[in-house]
Amino acid sequence: QVQLKESGGGSVQPGGSLTLSCTATGNVYSAYCMGWFRQAPGKEREGVAASDNDGVTKVATSVKGRFTVSKDNAKNTLRLQMNSLQPEDTAVYYCGAALCAYWDYNVLSFRSDFGFWGQGTQVTVSS
């Protein structure tokens with residue numbers, strides 16, 4: 001089992017920045033890929049960014065140039081630096097992890113029955 005704990009959510013004005021962190025504990029293997037997902041009210045969960053075990057990252061087109069993802073393998077921590085936040089970025093942000101073999105990296109998703117999820121952290125962008 002793997003436990004994922006997110007932190008760093010909150011409220012910010014448009015144009016502001018936030019940094020989310022996700023720490024993995026338990027049976028975490030070096031072959032895990034980790035990623036950030038978000039779900040806005042009334043919408044499906046979508047992939048935002050991910051990092052594989054070699055540090056190769058991918059960011060969704062909708063946030064490219066504004067969001068940066070990084071992974072510290074030694075600390076089993078995944079961070080999401082979010083800049084120039086807009087109201088449409090408002091959502092619950094979730095950390096997800098699974099063996100990289102279960103990911104479809106191109107669409108930033110993985111087989112949920114073979115992965116793990118954090119509880120989520122709320123990000124609200126509003127003036």
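User: Hi! What should I know about the model before we start?
Analyst: It is a predicted model, where local features need pLDDT of at least 70, side-chain atom pairs count only at pLDDT 80 or more, and totals for chains, interfaces and linings use all residues. Residues are numbered from 1 along each chain as its sequence is written, and side-chain values use heavy atoms, with hydrogens and water left out.

User: Thanks! How many disulfides does the structure hold?
Analyst: There are 2, taking a disulfide as a pair of cysteine sulfur atoms within 2.5 Å. Cys22 pairs with Cys95, sulfur atoms 2.0 Å apart, and Cys33 is joined to Cys100 with S to S at 2.1 Å.

User: And what is the handedness of the link of Cys22 and Cys95?
Analyst: Left-handed, with -80° about the S-S bond. The link of Cys33 and Cys100 is right-handed, with 110° about its S-S bond.

User: Where do Cys33 and Cys100 lie?
Analyst: Cys33 is in strand 4 and Cys100 in the loop between strand 9 and strand 10, 67 residues apart. Strands here are DSSP runs (E, at least two residues), numbered from the N terminus.

User: What is the pairing in sequence order?
Analyst: Numbering the bonded cysteines of the protein chain that way gives 1-3, 2-4.

User: Switching to rings: how many aromatic pairs are there?
Analyst: The count is 8. Rings of Phe, Tyr and Trp (its six-membered ring) pair if their centres lie within 6.5 Å; planes under 30 degrees apart are stacked, over 60 edge-to-face, and the rest tilted. One of them is Phe37 with Trp103, centres 5.9 Å apart and planes at 35°, so this pair is tilted.

User: What about Phe37 and Phe110?
Analyst: Those centres are 5.7 Å apart with the planes at 75°, so that pair is edge-to-face. Phe37 sits in strand 4 and Phe110 in strand 11 (residues 109–110), 73 residues apart. Both Phe37 and Phe110 are buried.

User: Which residues form one aromatic cluster?
Analyst: Phe37, Trp103, Tyr105, Phe110 and Trp117.

User: Last one: which ring faces does Arg45 lie over?
Analyst: Arg45 is over Tyr94, at 4.1 Å from the ring centre, and over Trp117, at 4.2 Å. The rule asks for NZ of Lys or CZ of Arg within 6 Å of the ring centre and within 35 degrees of the ring normal.

Definitions and conventions:
Helices (H or I, at least four residues) and strands (E, at least two) are DSSP runs, numbered from the N terminus. Buried means under 20% relative accessible area, exposed over 50%, partly exposed in between (1.4 Å probe, protein chains only).
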